[in-house]
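Please read the points with the model at hand.

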Amino acid sequence: MVGLKPPEVPPTTAVKLLGAGTAACFADLLTFPLDTAKVRLQIQGENQAARSAQYRGVLGTILTMVRNEGPRSPYNGLVAGLQRQMSFASIRIGLYDSVKQLYTPKGSDHSSITTRILAGCTTGAMAVTCAQPTDVVKVRFQASIHAGPGSNRKYSGTMDAYRTIAREEGVRGLWKGILPNITRNAIVNCAEMVTYDVIKEKVLDYHLLTDNLPCHFVSAFGAGFCATVVASPVDVVKTRYMNSPPGQYQNPLDCMLKMVTQEGPTAFYKGFTPSFLRLGSWNVVMFVSYEQLKRALMKVQMLRESPF
């Protein structure tokens, strides 16, 4: 057996919420430069600063950023990213099983694909509604290009970014792009959670692997690939729209149409490689950590409740 053994008692909702948020933060710490590279590639061609940078490939983008903006630049927006994951992942991942059980008809042994998709859409939409301001700030930091130490920075820090956006664009500015983000994350959450759920279930049902780290790795890798393929077009529109200055796009549909007319349909898959590298690696780290954290937290809880 590899990793901690599954607990005899199913994890509580509180354990799932804490475990999901913590595992997502850990995954973000390891994969954040890939996410920043993805954002830079997605907005390339949108404005003059991004156009002049001429990013090429994942590694080339990261090296260009480090060379032009310093070694900390790939981690621009990390604080907002961790705030986002602690609130966002806790809801969309931590509540998935509870919502799935809520939608499953009484007396049914297994949840159907439709039930799982509905659960994924529900928790994804709930998570975006709560965590959208953190996502807006994260994208703004990741997309901002600084020529060097003496260049002007629009935001002095994460909290200043929240205040500045609210002051200049209104409170609604913190929820800018919420509709494409709900769409994007409903798709991503369904692709990730449902794919992971189904692959893990089939692997265990056919006794291909036991409920341990290899099983979690295979399931998480498949979930990351499916999520990237399905969600990339929506992700690009979301990133462009959330990063745009007031007045550049009328709405997400206008953003999508301008991308097609000005850059062609391939623009929807800009940054696909870093998206897959990021989502694939993020899913592997997150799900493997999540499964182990659930077991560790339940073990601690059972030891605390034990009379001996």
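How many nonpolar, polar and charged residues are in the lining of the second largest cavity?

1. That lining has 3 nonpolar, 3 polar and 2 charged residues. Here Ala, Val, Leu, Ile, Met, Phe, Trp, Tyr, Cys and Pro count as nonpolar, Asp, Glu, Lys and Arg as charged, and the others, Gly among them, as polar.

2. The model is predicted: local features need pLDDT of at least 70 and side-chain atom pairs pLDDT 80 or more, while totals for chains, interfaces and linings use all residues. Residues are numbered from 1 along each chain as its sequence is written, and side-chain values use heavy atoms, without hydrogens and water.

3. The whole structure holds 2 cavities of 30 Å³ or more. A cavity is a set of points, on a 1 Å grid over the protein atoms alone, where a 1.4 Å probe fits but cannot get out; lining residues have an atom within 4 Å of a point. Points are joined across faces, edges and corners, and a volume is the space filled by probe spheres set on them.

4. The largest cavity has about 240 Å³ of space. Of its 23 lining residues, Lys38, Arg84, Arg184, Arg278 and Leu279 lie nearest the centre. By class, this lining has 6 nonpolar, 5 polar and 12 charged residues. Helix α9 gives the most, with 6 residues; helices are DSSP runs (H or I, at least four residues), numbered from the N terminus.

5. The second largest cavity, of about 30 Å³, has Arg84, Phe88, Val128, Ala131, Gln132, Asp135, Asn181 and Asn185 as its lining. Its largest share, 4 residues, comes from α6.

Terms used
1 Å grid on protein atoms, 1.4 Å probe; cavity = no way out; pocket = protein on both sides within 12 Å on 5 of 7 lines; lining within 4 Å. Helix = DSSP H or I, 4+ residues; strand = E, 2+ residues; numbered from the N terminus.
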